[in-house]
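Hi everyone, thanks for coming. Have a look at the structure on the screen, and I'll walk you through a few spots on it.

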Amino acid sequence: KSKDEKEKKEIVLKKDQRRDKEWMEYVILVTQLGLTVAGSILFCFAVGHYLDKWLHTKGIFTAIFIIFGVIGGGYTAYRQILDMEKEAYKLRKKRG
């Protein structure tokens, strides 16, 4: 009886560890995607702001480059999601 109980506890612990690991992977993914998009927008904002100061324009390049940053950050995040999906598919296929 004690062996069966120990085995059941081990199975439950393994399931909990797997669920915790999956949860943590999702948190990491969301953080990574957020930082990627934010970094892209901030970088493009800085470039646009610098160009506006250099060319004495009034925010035109800042606005244009912020749009570029949003588009570029979104595209990069999309590619990261696809890459993670491919890795997950390979892992599932390997496990059988």
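This is a predicted model: local features need pLDDT of at least 70, side-chain atom pairs count only at pLDDT 80 or more; totals for chains, interfaces and linings use all residues.

Let's begin with Arg95, which sits in helix H2. Is Arg95 buried or exposed? Its relative accessibility is 66%, so Arg95 counts as exposed, because anything over 50% goes in that class.

Together with Lys14, Lys15, Arg18 and Lys21, Arg95 forms a patch of positive charge on the surface. Which helix gives the most to that positive patch? That would be helix H1, running over residues 2–55, with four residues.

What about negative charge? There's a surface patch for that too, and its members are Asp4, Glu5, Glu7 and Glu10. Let's pick out Asp4, which is in helix H1. Asp4 has a relative accessible area of 46%, so we call Asp4 partly exposed. To be called exposed, a residue has to be over 50%.

Why does Gln80 count as buried? Because its relative accessibility is 18%, and buried means under 20%.

So what does Gln80 touch, once we leave aside its neighbours within four places in sequence? Gln80 is in contact with Gln32, Leu33 and Thr36.

To recap: Arg95 is exposed, Asp4 is partly exposed, and Gln80 is buried. Thanks, that's me done!

Technical notes. Residues are numbered from 1 along each chain as its sequence is written. Side-chain values use heavy atoms; hydrogens and water are left out. Buried means under 20% relative accessible area, exposed over 50%, partly exposed in between (1.4 Å probe, protein chains only). Contact means heavy atoms within 4.5 Å. Patches are made of residues with over 30% relative accessible area and no salt bridge: like charges are joined within 9 Å, nonpolar side chains (Val, Leu, Ile, Met, Phe, Trp, Tyr) within 5 Å. Accessible areas come from the Shrake-Rupley method with a 1.4 Å probe; for residues, only the protein chains shown count as cover. A salt bridge is a side-chain nitrogen of Lys or Arg within 4 Å of a carboxyl oxygen of Asp or Glu. Lys and Arg count as positive and Asp and Glu as negative; His and the chain ends are not counted. The place of a charge is taken as NZ of Lys, CZ of Arg, CG of Asp or CD of Glu. Helices (H or I, at least four residues) and strands (E, at least two) are DSSP runs, numbered from the N terminus.
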